[in-house]
Each structure stands twice: as C-alpha cells, then as structure tokens.
Amino acid sequence: MKNYETKVKHKNLSSPKRLALTSALAASLVMLPLGETPVFAQKAERNTLSYGELIQKIKKDQVQKVELDETEQVAKVYLKNKKQDESPLQVRLLEQNNELINQLRDNKVDFAEVSSANSRAAVSLLINLMWILPLVALMLLFLRRSANASNQAMSFGKTRARFQMEAKTGVKFDDVAGIEEAKEELQEVVTFLKQPEKFTAVGARIPKGVLLVGPPGTGKTLLAKAIAGEAGVPFFSISGSEFVEMFVGVGASRVRDLFKKAKENAPCLIFIDEIDAVGRQRGAGIGGGNDEREQTLNQLLTEMDGFEGNTGIIIIAATNRPDVLDAALLRPGRFDRQVIVDAPDRKGRLSILQVHARNKKIDPSVSLEVVARRTPGFTGADLANLLNEAAILTARRRKEAVTQLEIDDAIDRLTIGLTLNPLLDSKKKRLIAYHEIGHALLATLLKHSDPLNKVTIIPRSGGIGGFSQQIYNEEMIDSGLYTRAWLQDNITMTLGGKAAEVEVFGEPEVTGGASGDLKAVANLARKMVTMYGMTDLGLVALEGQGSDVFLGRDWMNRSEYSEEMAVKIDRKVREIAINSYEEARRIIRENRSLVDRLVDLLIEQETIEGEQFREIVSEYTQLPEKQLAASS
Ligand code: ADP
Ligand code: MG
Ligand code: ZN
C-alpha cells in the first residue's frame with residue numbers, strides 16, 4: 001500500500017523539488033485513510049503473469065492483444081491460444097514500459113491504453129489526492145517562505161537594489177510652476193545632460209551635484225523629474241533613509257550599486273531624496289556618530305569623486321535641512337550648487353493652480369486668482385491636494401464641474417478640519433456662538449482689522465467648535481510689514497471670543513476654549529515689543545527675525561537681553577493684552593443687543609457670510625471705512 005501510494009505521488013509531481021518533498025511526505029501518507037486495496041493484489045495466481053514472461057510470450061508471438069492500464073499499473077494480456085470469453089492475464093507493469101511497448105510494436109501485437117475500469121480504486125485514489133494536495137500546497141508554501149527568509153539573511157550585503165529607475169519620467173518643466181528662479185537655474189543642468197560638448201569644448205567643468213533646498217511639498221522631486229524628462233535621460237532615485245539600514249555596510253553597497261547602474265546608463269540623472277538622512281555632519285549628533293551612516297556617506301563621496309564631470313551623470317539631492325549637512329558634501333566637485341525651492345507666492349500659487357486645473361473640469365466662474373489669494377502658505381503639494389479635494393466634493397455632490405463653493409469648502413477642510421455634524425442647541429452651542437460672534441463683531445467694528453469672511457459654528461475635526469475667518473490681508477501678511485494699528489486691532493479681535501463669553505456668561509462659566517486665542521495674543525504682543533520696537537521700551541530689535549529653531553544651529557543665543565529687560569518685556573506684553581481685552585469687552589458690552597441678535601442668527605443658520613454680517617451690523621452702527629470697502 002505504501003509503495004503504491006508513493007508511486008502515484010511520483011507520477012503526479014514532476015519537478016525535482018517536489019520529488020524531494022514527496023519522500024518527506026511519505027511517512028505521513030501512511031496514516032492517511034487509504035482506499036480499498038487495489039484489485040490486482042488479490043488476483044488468483046493463475047491469472048497473473050510476470051513482466052518477463054510477458055516479454056517472452058510477445059517474442060514467441062503468443063500474444064494477441066494487450067491493454068495497458070496506466071492508472072492501475074497493470075496490463076491485460078489476451079493470448080492467442082485462449083478462448084475469447086476467458087478473462088485476460090494480468091501483468092504488473094513497471095514504472096517505465098518502454099521495452100514492452102517496443103516489443104509490442106516490433107512484433108506487431110495489437111495494444112491499447114485504457115484507463116482503469118476499477119472505479120472503486122479511482123475513487124479511493126481521488127479521495128487520497130484530495131487529502132494530499134492541500135497538504136502539499138501547505139508544505140510548498142512553508143518551504144518557499146523559509147527559503148525566502150534565508151535568502152534575505154544571506155544576501156543582505158549583496159546587490160539588493162532599492163533604487164528606482166524610470167527610463168522616461170514624462171514630466172516636463174511645464175508641469176512645474178511657481179518656482180521660476182529654481183527652474184531657470186536648472187535649465188542649465190538640462191543642457192549639461194543634453195549637450196555636454198558645449199561646455200567641455202570651452203574647458204568648463206560640468207557640475208556634478210545640485211542640492212535642492214526647500215520645505216516638503218514644494219516640488220523638489222517633481223523638479224528633478226522634470227530635468228530628466230526635459231533632457232530625455234533615465235531617472236534614478238533613492239531616498240536617503242533607504243541607504244541607512246540595519247546592517248552595517250548595506251548603505252555603502254547600495255551607493256556602489258546605484259552608481260554602477262547609473263554609469264551603465266549614462267547620460268542620466270541620479271536623484272537622492274532626503275539626503276540629510278545620510279549626509280549629516282559626521283561624528284556629530286547626540287549619542288555619538290553612526291558608523292553605518294558614515295560609511296554610506298563616505299562611499300557617496302568616493303563615488304562622486306570617482307567619475308569625471310563629463311561622464312554625463314548629474315546628481316540632484318533634496319533636503320529641507322541644509323544646515324545639518326556635512327561640509328564635505330557641499331565642497332566644489334560635489335553638491336556645489338544649491339538651489340532654493342521655496343513655498344510659492346501668490347503669483348506662483350496661481351500658476352501651480354493653473355497646472356493642476358488642466359486635467360480637471362473647473363467651472364468658468366471659478367477665479368483661480370481668488371483661490372491663490374486665499375491660500376497663503378500653501379505649497380505646490382497642498383494646492384494639488386486642494387484641487388483634488390474640491391473635485392472629490394464636486395463628484396460627491398453630483399455636479400458637472402468644480403465651482404468656487406467646492407474650492408472654498410476644500411480650503412476650509414484642509415486648513416481647519418473636516419466638518420462634523422452640527423451640535424444640537426445647547427448651552428455649549430450658545431457659548432461657542434457667543435465666542436465666535438465676539439471675534440466676528442470685533443473684526444467688523446475695529447478700524448484697522450481685516451474684514452470678516454465668514455463665521456460658523458459647524459464643528460470640525462480636531463476639537464474645533466467653530467471659527468470666525470477674516471479676509472486674508474496679503475499685502476501685510478505676505479510682506480511681513482505689519483502696522484502697529486493692525487497688530488493692535490488683531491490682538492483685540494483675537495481676545496473678542498473670550499470677552500464675549502465673559503460678558504454674557506460671567507467669569508465662572510468661561511471655558512478653556514480660548515487658550516489658542518491667548519497664545520496667539522501673547523505671540524503678537526511679544527513681537528510688537530521685542531521685534532518691531534513698537535512700545536516705549538525702545539527702538540531696539542531685541543530678537544532677530546529668524547528665531548527659527550528648526551533651521552538654525554545657533555538657536556542657543558536667543559536671549560540677547562538682560563534678566564531685567566526680560567521682566568520689562570513680560571510686563572509690557574501683559575499690559576498690551578490687558579488693554580486690548582478691556583477694549584474688547586467694552587465693545588461687546590456696548591453692542592449687546594446686536595451680539596444677541598447675531599448669535600440667534602448664527603445658531604439658526606450655522607454660518608454667516610461676511611456680507612450678511614456687515615449688513616446687520618450696519619443697521620446698528622456706522623461701519624469703519626475698510627469694512628465698507630469690503631462690502632462694496
Ligand atoms: P517635494 O519633493 O518638494 O516634497 P514633490 O515634488 O514630491 O515635493 O511634490 C508633490 C506633488 O505636489 C507633486 O507631485 C505635484 O503634483 C505637486 N507640486 C509640488 N510642487 C509643485 C509645483 N511647483 N508645480 C506643480 N506641482 C507641484
Ligand atoms: Mg520629495
Ligand atoms: Zn476664539
């Protein structure tokens with residue numbers, strides 16, 4: 001039984017790997033429920049014939065007909081001298097029956113192949129196979145997995161290319177917008193790649209590396225792809241973080257592989273994203289240096305030195321932290337060119353929006369100009385995302401084309417948060433309404449404040465109960481040239497929320513919801529005192545503009561003033577805040593009936609647009625000039 005079974009197995013599994021497997025399986029197979037013992041084993045002696053006897057009989061021409069049953073491994077032999085109705089002789093066959101078949105053919109014996117007549121045997125065979133097949137599959141899966149695992153462990157130091165290669169990026173300079181200076185500078189790199197002769201003819205050394213510096217999402221990767229696309233060369237890319245692996249030496253070997261592949265495909269462009277992950281100053285950093293990273297960096301430097309400027313390989317690296325890079329990387333002959341890729345200004349945002357509007361159905365009534373104005377601080381990636389969000393909203397609302405409404409909603413969604421279901425009318429909702437109306441009313445009544453865009457109490461993700469939004473003052477905010485009056489009114493407006501809560505509900509009822517407001521106030525007031533010299537503390541700028549902890553190595557020298565001065569500054573900041581707060585409370589108090597009416601309307605409508613808001617306010621009091629201008 002066991003024998004028989006294994007034989008069947010061998011016949012079904014052909015590849016050598018599987019054969020090896022079956023012997024391992026054989027032991028377990030014995031325990032499987034096997035079917036009836038095959039018929040031939042029970043046949044009476046006289047009815048059987050050995051293989052050798054059969055061959056002999058064929059040679060002697062005594063055989064009339066042979067039926068070969070492959071499944072049963074048996075041949076039925078009809079002898080010439082026997083009667084027709086007599087049952088045939090059974091011959092057990094061997095694995096390979098070539099000789100038999102040759103003999104049959106040579107002696108012109110009639111032979112045919114038949115499938116097993118014994119259905120019982122076939123069924124039992126099938127049942128067995130049904131047991132075995134999943135088992136085999138399972139084993140194979142197991143084997144494959146463990147094989148993979150051991151491969152991984154064994155070959156980590158060998159070529160395991162983790163870089164990507166794109167033969168054609170398909171990106172053109174047209175697809176990159178809003179960073180014109182960077183594009184102009186890199187136009188030259190395209191020429192290097194396309195016609196290096198132009199430069200080498202006059203003895204100019206082609207730069208090897210260009211470092212793109214800028215915040216995330218500004219289009220550094222896109223720009224690098226566009227260079228390759230414009231020059232029509234392959235684009236190799238790898239991220240700095242992929243260089244740095246668990247095993248020492250992997251990073252360095254990856255660098256080697258990358259450059260080897262690149263040389264085979266020159267002219268081409270190598271793009272190293274997040275180079276700061278490998279290119280940090282060596283031996284620096286808390287907790288000592290990182291051996292693996294240093295090796296990788298050294299290998300990178302070696303490779304960069306190892307090829308001549310005219311091999312047609314240009315390396316572009318991107319980072320948002322140029323300050324942490326090792327000086328050796330920035331030396332001539334390496335990344336000696338730095339190109340700043342900054343967040344776009346309004347014009348830049350407009351052209352980026354135009355690029356991404358190309359493949360979208362935008363209603364002609366939409367003004368991308370207005371969108372650009374409303375999206376200060378948005379990077380290229382943010383803007384691309386914005387238009388996509390708007391398109392999704394449009395589809396969800398089953399509209400034909402994206403309108404301004406969807407774009408506005410998408411902006412709020414990205415800048416403030418996802419809208420949640422409105423609160424039921426409750427004390428909490430009223431409190432939020434008063435808070436927001438407080439901001440909105442002050443924004444409308446203060447002389448130098450920016451006009452209200454809208455106020456809403458539709459809650460948003462991130463614990464936002466509502467917000468009041470002003471029309472963005474791009475002149476002042478983009479240039480950073482704030483006037484004292486504007487700052488002052490902004491502080492008052494920001495305190496309007498808390499002021500309204502206190503006026504209406506009294507001090508004990510005030511919630512912590514205004515903590516963000518208070519922080520903003522402290523920030524603005526502090527700037528007035530220490531940066532702009534707007535108080536009687538003097539005309540000295542006490543703090544530099546760039547107290548940007550993120551970028552500077554010199555973040556330590558922040559306080560350039562004495563303890564005594566620090567106390568004075570604190571006192572001044574508090575004074576500004578307290579005065580503004582008193583002013584805010586006074587305005588709310590004097591307009592209490594207006595505030596109540598606006599709150600009722602806000603609770604009913606959930607959102608009041610700036611236009612409607614100003615209309616109502618103007619029924620009660622004269623609007624300042626700036627506000628009137630916004631309404632006309
Ligand atoms: P970075 O590499 O600087 O982080 P990416 O190049 O990955 O930014 O930008 C992500 C996506 O944002 C791009 O694929 C593109 O769709 C969009 N994008 C970013 N900057 C621009 C730009 N200047 N012009 C057009 N699209 C841009
Ligand atoms: Mg990128
Ligand atoms: Zn507030």
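The protein chain has 24 helices and 14 strands; helices (H or I, at least four residues) and strands (E, at least two) are DSSP runs, numbered from the N terminus. Of its 632 residues, 43% count as buried, where buried means under 20% relative accessible area, exposed over 50%, and partly exposed in between (1.4 Å probe, protein chains only). Among contacts between residues at least 6 apart in sequence, 73% join residues at least 24 apart; a contact means heavy atoms within 4.5 Å.

Residues are numbered from 1 along each chain as its sequence is written, while chains are lettered from A and ligands numbered from 1 in the order in which they are written. Because this is a predicted model, local features need pLDDT of at least 70 and side-chain atom pairs count only at pLDDT 80 or more, while totals for chains, interfaces and linings use all residues; side-chain values use heavy atoms, with hydrogens and water left out.

**Helices α19 and α20**

- Helix α19 (residues 484-505) packs against α20 at an angle of about 160 degrees, with their axes 9 Å apart. Axes are lines fitted to C-alpha atoms, for helices over the stretch in contact, and angles run from 0 to 180 degrees between N-to-C directions.
- The two helices, α19 and α20, are therefore roughly antiparallel; angles under 35 degrees count as roughly parallel, over 145 as roughly antiparallel, 65 to 115 as roughly perpendicular and the rest as oblique.
- The crossing of α19 and α20 is left-handed, a term for the near helix being turned anticlockwise from the far one by less than a right angle, with right-handed used if clockwise.
- Residues of α19 in this contact include Arg484, Leu487 and Gln488, and those of α20 include Asp517, Leu518 and Ala520.

**Helix α13 and its surroundings**

- Helix α13 (residues 346-357) has twelve residues and reaches 16 Å from its first C-alpha to its last, close to the 16 Å expected at 1.5 Å a residue. The expected span is 1.5 Å times one less than the number of residues.
- Its buried residues are Gly348, Arg349, Leu350, Ile352, Leu353, Val355 and Ala357, and their cover includes α14 (368-373), α15 (380-396) and α18 (474-479).
- α13 and α15 pack at an angle of about 45 degrees, with axes 9 Å apart, which makes α13 oblique to α15.
- Arg349, Ile352, Leu353, His356 and Ala357 of α13 make this contact with Gly380, Leu383, Ala384 and Leu387 of α15, and the crossing is right-handed.

**Two buried residues**

- Phe235 is placed in strand β8 (residues 235-239) and counts as buried at 1% relative accessibility.
- Phe235 and Ala167 are 68 residues apart in sequence, and 6.3 Å apart in space, C-alpha to C-alpha.
- Not counting residues up to four places away in sequence, Phe235 touches residues including Met165, Leu269 and Phe271.
- Leu300, in helix α12 (residues 291-306), is buried too, with a relative accessible area of 1%.
- Leaving aside neighbours within four places in sequence, Leu300 is in contact with Val255, Phe259, Ile272, Ile275 and Leu329.

**Backbone details in loops**

- The peptide bond from Ala266 to Pro267 is cis, with omega near 0 degrees, and Pro267 lies in the loop between α10 (250-264) and β9 (268-273).
- Asp61 has a positive phi of about 65 degrees although it is not a glycine. Asp61 is in the loop between α3 (51-59) and β2 (63-69) and is partly exposed at 40% relative accessibility.
- Arg398, not a glycine either, has a positive phi of about 55 degrees. Arg398 sits in the loop between α15 and α16 (404-415) and is exposed, with a relative accessible area of 76%.
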